[in-house]
Amino acid sequence: MEQRGAFSQGGKGDSIGRRRGNWKRAAMDRKREENRKRVLWQGEGRKPEKSAVAGRGKKTGKECCGRERKGSRKDKKRRNMWRKIKRISGLINDFTEMSRKILGDNLKGIYLHGSAAMGCFNPEKSDLDLLLVVEHPVAKEDKRKFMEAVVRLNEEAPPKGMELSVVLQENCRPFVYPTPFELHFSNMHLKWFRENPDDYVENMKGTDKDLAAHVAIINHCGIVLYGQAVSQVFGPVSKDDYVDSIWNDIKDAQETIGREPVYVILNLCRALGYVKENLILSKESGGFWGLKAVPERYHTLIQKALACYESGEEMETDEETAAEYAGYMLGEIRLCLL
């Protein structure tokens, strides 16, 4: 079943009726549908209506128990998040329309993942994560047109810009690891394309271990911007492949934590959360998990990283403490993998 239009619901949400016995997954699907509609309303400048999606007009368990009331910290945080999402909804719609126009029938789907899909997007700290699936290899002239349009749109993106990959459908189901990609872009590669676009189009391809983590998140909570449902396009990512992917991202944490303290501190938390409890977490939720699972001597460091992640401010750290934390977390992750 093809889904068209920006912010179409993810693959798990089209089969609630067939999963009547799985109340937990059905609840997750209703929440994702509500989130999707909120994004659409914000993008159109409308206020969210009182939807029957979340609770079918009845009070939820949390509301009845008084744990989530209007004006609560959680409500305030959710409203702030949607205000942040509103800032990029126009960009996402423009990107979707541009991709459909240039890639045509070859384009099978566009999927939003990362912090924007996981509910913790911060325009000052987050990039916009996108994955495009095509049926056949993209012609060089189409790659050139696509990249020129991406670079133009990237000027409207948050400071960290857009990060996207184009992959072949045949490598998504069953999922292939390390995953071949047809094209990739991030701010890191902007200079290369501007200076030598022909070389970029010719040589920006290969395999990327990070794609296993991206696809795992898409399977977990990804948002379909255009095309087929998630469940029709992506196969499951094995635990071994996912662990290898996240380890590839954190293995140098002791060296990189001084340069990117917020990213590394929170990323280590979510990595440990997965290998220890099989939890797929955002950086933010990983940080909160770490405050419960990591020794108290590191709580101040994690709390500071969470505060800077929320505010967008730069984080200053004591190098010795940060390196000690990274060493401890890497050691714990290794122990879990034995």
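The largest cavity is lined by His113, Asp129, Leu130, Leu131, Glu163, Leu164, Ser165, His184, Asp208, Asp210, Leu211 and His214 (a cavity being a set of points, on a 1 Å grid over the protein atoms alone, where a 1.4 Å probe fits but cannot get out, with lining residues having an atom within 4 Å of a point). The model is predicted, with local features needing pLDDT of at least 70 and side-chain atom pairs pLDDT 80 or more, while totals for chains, interfaces and linings use all residues. Residues are numbered from 1 along each chain as its sequence is written, and side-chain values use heavy atoms, without hydrogens and water.

This largest cavity holds about 60 Å³ of space, a volume being the space filled by probe spheres set on the points. Its lining splits into four nonpolar, four polar and four charged residues (Ala, Val, Leu, Ile, Met, Phe, Trp, Tyr, Cys and Pro count as nonpolar, Asp, Glu, Lys and Arg as charged, and the others, Gly among them, as polar). At least two lining residues each come from strand 3 (128–134), strand 4 (162–168) and helix 9 (210–221); helices (H or I, at least four residues) and strands (E, at least two) are DSSP runs numbered from the N terminus.

The second largest cavity, with about 30 Å³ of space, is lined by Leu103, Val138, Asp142, Lys143, Phe146, Val166 and Leu183. Here the lining has five nonpolar, no polar and two charged residues, and helix 6 (residues 140–154) gives the most to it, with three residues.

Conventions. 1 Å grid on protein atoms, 1.4 Å probe; cavity = no way out; pocket = protein on both sides within 12 Å on 5 of 7 lines; lining within 4 Å.
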